[in-house]
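Reader: Could you walk me through this one, a bit at a time? I'd like to see how you get to each answer.

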Amino acid sequence: MAEERRAPLTRDRVLDAALDLADAEGVDAVSMRRLAQELGVVPMALYKHVAHKDELLDAMVDRVIGEIPATDPDLPWKDALRTRILDARAALLRHPWARRVLEAQEAPTPVILGHLDATIAILLRGGLTTDLTHHVMHTLGSRALGFSQELHTESTAAGTPLDDETAAMFVAAFPHVVAVASAASHDPGSVVEAGCDDRFEFEFSLDLLLDGIERLHRDGWSSAAARAGRRTP
């Protein structure tokens, strides 16, 4: 019986395999050599479809951003912005490695710029000025891409039980940190801090920002007036 013909290597096949590998083992597992092994080709065959590792990572992230659905243009701007950002977060949760790649990028790709353009369009359609929208995008920061940059998320000590003596010393030295941390709702799978509910914290901060943006828009805020007011004795 004749040997079954192998499907031709295409850019889509390369990206499909790279995403599957990153989803299964993390982005550190993705190398041109390992990807070639997964596809059953020699490494040089990949370079016809991706010029180098950075281009591969950019294309992988573009695939993730491409999973964000279009936002209903008939929604009020505040609801539309909230929906778009939470849809972006859902895409990144499906591919947790993508955040690291986004943070390491030196410049946004056209796909990411398209996402940001669509996000800005929501604000402008809602009647926000370009001035306020400029500052809103700065304030949203990485949340526009579906993640927030938290403090000390890489601490290996997070969630590590302390012996009684060390715990007592910690409480005595940092009573306010302990009081606030103890008030947190608990989520064993958290990546924010041990015990914090990631989804709640993300949505809480997003809603806080949206309420503030809405107030500034309603009040006719402008950066020129704010700067002038700050200079007034």
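Predicted model: local features only at pLDDT ≥ 70, side-chain atom pairs only at ≥ 80, totals over all residues.

Reader: Okay, what is the chain built from, helices or strands?

Author: Reading along the sequence, you get α-α-α-α-α-α-α-α-α-α-α-α. The strand count is 0, and the helix count is 12.

Reader: How do α1 and α2 pack, parallel or perpendicular?

Author: Helix α1 covers residues 11-25 and helix α2 residues 32-39, and their axes are 10 Å apart at an angle of about 110°. Angles of 65 to 115 degrees count as roughly perpendicular. So α1 against α2 comes out as roughly perpendicular.

Reader: Which residues of α2 meet α1, and how many residues of that contact are charged?

Author: From α1, the residues involved are R13, V14, A17, A18, L21 and E25, and they meet R34, L35 and L39 in α2. Sorted by class, the contact has 6 nonpolar residues and no polar ones, and the charged residues number 3.

Reader: And how are α1 and α4 arranged to each other?

Author: Helix α4 spans residues 53-65, and its axis lies 10 Å from that of α1, at an angle of about 80°. With 65 to 115 degrees as the perpendicular range, α1 and α4 are therefore roughly perpendicular.

Reader: What does the contact of α1 with α4 look like by class?

Author: On the α1 side there are R11, D12, V14, L15, D16, A18, L19 and A22, facing E55, L56, A59, M60 and R63 of α4. The contact has no polar residues, 5 charged and 8 nonpolar.

Reader: Why does the pair F200 and F204 count as stacked?

Author: Ring centres have to lie within 6.5 Å to pair, and planes under 30 degrees apart count as stacked. The centres of F200 and F204 are 6.1 Å apart and their planes are at 20°, so the pair is stacked. Both sit in helix α11 (residues 198-218), 4 residues apart, which means a separation of about one helical turn.

Reader: Are F200 and F204 buried or partly exposed?

Author: Buried would need under 20% relative accessible area, and exposed over 50%. F200 has 48% and F204 has 47%. Each therefore counts as partly exposed.

Reader: Which ring does the charged end of R89 sit over?

Author: The cut-off here is 6 Å from the ring centre. The charged end of R89 is 5.2 Å from the centre of the ring it sits over, that of F202.

Definitions and conventions:
Residues numbered from 1 in each chain as written. Heavy atoms only, no water. Phe/Tyr/Trp six-rings, centres within 6.5 Å; stacked < 30°, edge-to-face > 60°. Helix = DSSP H or I, 4+ residues; strand = E, 2+ residues; numbered from the N terminus. Buried < 20%, exposed > 50% of the residue type's maximum accessible area, 1.4 Å probe, protein only. Lys NZ or Arg CZ within 6 Å of the ring centre and 35° of its normal. Axes fitted to C-alpha atoms, helices over the stretch in contact; angles between N-to-C directions. Parallel < 35°, antiparallel > 145°, perpendicular 65-115°, else oblique. Contact = heavy atoms within 4.5 Å. Nonpolar A, V, L, I, M, F, W, Y, C, P; charged D, E, K, R; others polar.
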